[in-house]
Amino acid sequence: MSDSAWIDRLREILGPTKVLTSIEDRIAYSYDGTFAQQLPDVAVLPESTEEVAAVVRIAAEYRVPVVPRGMASGLAAASVPFSGGIALSLTRMNRILELDEVNRTVRVEAGVITADLQAYVEARDLFYPPDPSSNKHSTIGGNIACNAGGPRCLKYGVTGDYVMGLTVVLPDGRILQTGGKAIKNVVGYDLTSLFIGSEGTLGVITEALLKLIARPRSVRTALAEFPSLDDASRTVNSVLAAGIVPATLELMDETAIACIEAAMHLGLPLDVEAMLIIETDGSDDEAVRREMEVVERVCRENGARKVMVAQDEKERAQLWRARRSVSPSLARKAPNKLGEDITVPRSAIPEAIRRIKEISARHGLPIVIFGHAGDGNLHPNILFDKRDPAQWEKVEVMAGEIFGVALDLGGTLSGEHGVGVLKRPYMERAMGPVSIDIQRCIKEALDPLNIMNPGKVLP
Amino acid sequence: MTTGPQSILSEDDYLRCIRCGQCLAVCPTYRLTLNETDSPRARVALLRAVREGLLERPTDWTAAQFFRCLLCGVCTFTCPSGVTVDRVLELTRGEMAHLGLLPQPLAALNQRIRESHNISAEPPESRLFWAQNLPGMPTGVGKRQAEVVYFVGCVGALFPRSYSIPQSFVQILEGAGVDYAVLGAEEWCCGYPLAINGDLEAARAAMRHNLEAIRATGARTLVTTCPSCFHFWKHSYPAALEEDLGFEVRHATEFLADLLESGRVSLRDDLPQQIVTYHDPCDLGRKSGVFEAPRRILRAIPGVTLVEMAENQGGSHCCGGGGNLESMDPALSQAVAARRIRQATETGAQVVVSACQQCERTLFNAARAERLRLRVKDIAEIVLEAMRR
């Protein structure tokens, strides 16, 4: 590969140290957080928007695929370079460019790690709420490209709700600026939104202008144990019906609990069917405390066996560390997992959970259920061993059935992971032919050469 | 680290990695280069590629990737699916060595140890040079029978820069009236560098020699100031030799904490106020679980206010001196050290204390390179300064 003319051109422009062609490097850039893998021809590590643009221009000239990536923690194989080409890593573009405390915005490069940004603004009493479980090992650029969610979305909204403007390198190498610091802006099409969740198929996001809010001064977190999964899922709606919007309302089923306990030894109960993690926050300590009292009462009325409120920051951090570790800790149960990300209207959560459990029982493979129950976003994870072809066949059928459940109940395929390649086959069913046709037109208008993360998102 | 005969790399060791990426957030080398190739996830993927044939013929360059790691184990500590990355990489290094792909500086190191029984090819009698410029010859020198053997380790014994660690430690032992011996020329390299660089046979020979030498003293306790010797003695000796050692293995911090708490060592009360932070050596803290003893010692010193770095105990950040990275990529090793020393300054501490000659040296050099007004000391040094004599 190293003798290709286009790779020589990349070296000329970026210098040799930012262009990686060894087999060892290509292996390192061949995967994301799924089991998918494909070698790129080259990995590049640009350090500015101009360098990204130069890479993309060469790619366009030579018709080479460009696959942008942050820290590759994605769960839909969106950053796996299935067509080879250039794995374009934004990780070295990790500067915080401007904090505007008056307008409450921050301008960052795409490779800033989300948790680093959060620590930076929180030290100044500001708050960037979107909190994907991967916030310590994912980047703002990746979060925007996949419109990442997280537990706090129930109250605060998803990544896209905080993006006020973007710098994007288009597939022909031009640099597009969208949005700005003005809160109201209705001039022209909303191109910022177009790139949010586009998974690198329309261009490379290199900078973002993000909205910040005041940091909530008070937070309370509770862990409620439910002997019955059904009771736990009903509790979600009862809490919300009581007029409370918790910051987060997370559900974990018994297998999820067992996996975390095996990984972290926190003393979690192994004899309950489900737990809810519920957090209330706000500027007024007294109001937050009262809300938590209501949450506790509602949980008990709905069959909670025990409700434990974290007494200090350490206990709270431990609860969240547990929750963030659910997905990876499942590896202790089975060599592979397929983590889905369906959403349903929240009234349908109990029914969705019943149907998913039924799918698991019928096919004889375990499905672990956890997720952001408060906003109707569930992560059913099918556990299996990919080395057994019979199991893999079942998994594909089961995934289709899980998507069927979501769509039948008025929901959709993905709440926060995105489509990548793993959900492509179900796109048409989820969105209908007209929507798909329009999306294809947009893709073709922006990327007529189909070099920008080809083969992703659209069927 | 378990370098027993049973420690063979299995498929499960790397299939457990689900590539979630959590290790990237904590890995000192990845955090500096921001290049996936320098991440634990990539190292495991590379190993898997070699095993599964995606990478058919590993080269020197392939092997180099496994040696660009500090073996600090913070990835293992963080991994939610239970991949023991540092152990897996130690075994992989061994496999690379068997394929003839051991990087030259490490092959040379193995050679030196095999021939001279120490890491710097010194004559055996040099192992006692550190004892010569003390006020009097330490009582432990030349003693044949003792309750306690102090295993000095190659760096403390042979690197003049680190002499003050064994010097301080034996002065404390003398002051406390401990019946101890040092092995001098009879002490060999503990075998750890050989084991992680693919020469298990030579490592076992070294282990056998040291074990017999200590048994000959009738000691009931072996104490080391070097965390790597400590970890290797405590975990790998019994596993590799498949027998009970017959004596207790303790690190100097555990031993000193007992001396203080039993009143055998007492401290002055006219000591100045100082803010101190403690750096957990990887082999002592994360890998051996000794977190509290050094902190108990520091808190017991009058005038000391102990503050913690953001990354401490199990999640501690390596000093840069781990895994022989220094001989593979000195600039990267120094950059790791620089990041750690900056974490120490962020605490507002005036002194950073460690309990490892390697951490002490790398952090000292980093403080100097970064032009920081921060003193770096080994725990034996700060205890000796505070001791009533």
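Predicted model: local features only at pLDDT ≥ 70, side-chain atom pairs only at ≥ 80, totals over all residues.
## Reading the model

Local features need pLDDT of at least 70 and side-chain atom pairs count only at pLDDT 80 or more, while totals for chains, interfaces and linings use all residues. Residues are numbered from 1 along each chain as its sequence is written, and chains are lettered from A in the order in which they are written.

## Where chains A and B meet

The contact draws 30 residues from chain A and 25 residues from chain B (in contact: C-beta atoms, placed from the backbone, within 7 Å). On the chain B side, α3 (40-52) and α4 (60-67) each supply at least two residues (helices are DSSP runs of H or I, at least four residues, and strands runs of E, at least two, numbered from the N terminus). The most comes from α3(B), with four residues.

## Domains 1 and 2 of chain A

Chain A is divided into domain 1 (5-89), domain 2 (96-214), domain 3 (218-328) and domain 4 (331-408), with bounds from an automatic or database domain assignment. The C-alpha centres of domains 1 and 2 of chain A lie 22 Å apart. Here 15 residues of domain 1 of chain A are in contact with 20 residues of domain 2 of chain A. On the domain 1 side, α3 (49-62) and β3 (66-69) of chain A give two or more residues each, and α3(A) gives the most, with six residues.

## A helix pair in chain B

Which residues of α16(B) meet α17(B)? They are B:Gln334, B:Ala337, B:Ala338, B:Arg340 and B:Ile341. Their partners in α17(B) include B:Thr362, B:Leu363 and B:Asn365.

Technical notes:
Contact = placed C-beta atoms within 7 Å.
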